[in-house]
Amino acid sequence: MQWLMIPFGYAFAVAMLAAIVLPYVRGRSDLFTTWNLFLLGSANFVGVAAAQTGWSTVHYGTPTDGDYARFMFGAAVFYALLFLVYHRWGR
């Protein structure tokens, strides 16, 4: 299941960058906002880090397939709810 972290990480990073760029290109948002800085950090610290985890060899601890699945499911649910709350009540 560790290999699934690679496409998940890249897809997550691309989705966060698209969430920054698309509203800016459409003229609905500014480029430098706290929300966009948060999304940029998420792309780095969740997306890129997940891809690095998929590529690397585990030298300590022994994460199980369930650990990887819980991380991907948790990140997807957390960010889906975060986007829902932000776009419904955040602006």
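Helix α1 has a kink of about 25 degrees, centred on A18; the bend at a residue is the angle between axes fitted to the seven residues ending there and the seven starting there. The model is predicted, with local features needing pLDDT of at least 70 and side-chain atom pairs counting only at pLDDT 80 or more, while totals for chains, interfaces and linings use all residues. Residues are numbered from 1 along each chain as its sequence is written, and side-chain values use heavy atoms, leaving out hydrogens and water.

The chain holds three helices and zero strands, in the order α-α-α along the sequence. Helices (H or I, at least four residues) and strands (E, at least two) are DSSP runs, numbered from the N terminus.

Helix α1 covers residues 5-26, 22 residues in total. From first C-alpha to last, α1 reaches 31 Å, close to the 32 Å expected at 1.5 Å a residue; the expected span is 1.5 Å times one less than the number of residues. Just after α1 comes G27, with a positive phi of about 80 degrees.

Which residues of α1 are buried? They are M5, I6, F8, G9, F12, A13, M16, A19, I20 and P23. Buried means under 20% relative accessible area, exposed over 50%, and partly exposed in between (1.4 Å probe, protein chains only). The buried residues of α1 pack against α2 (34-55) and α3 (65-90).

In the chain as a whole, 26% of the 91 residues count as buried. Of the contacts (heavy atoms within 4.5 Å) with a separation of 6 or more, 76% involve residues 24 or more positions apart. The C-alpha trace spans about 45 × 20 × 15 Å along its principal axes.
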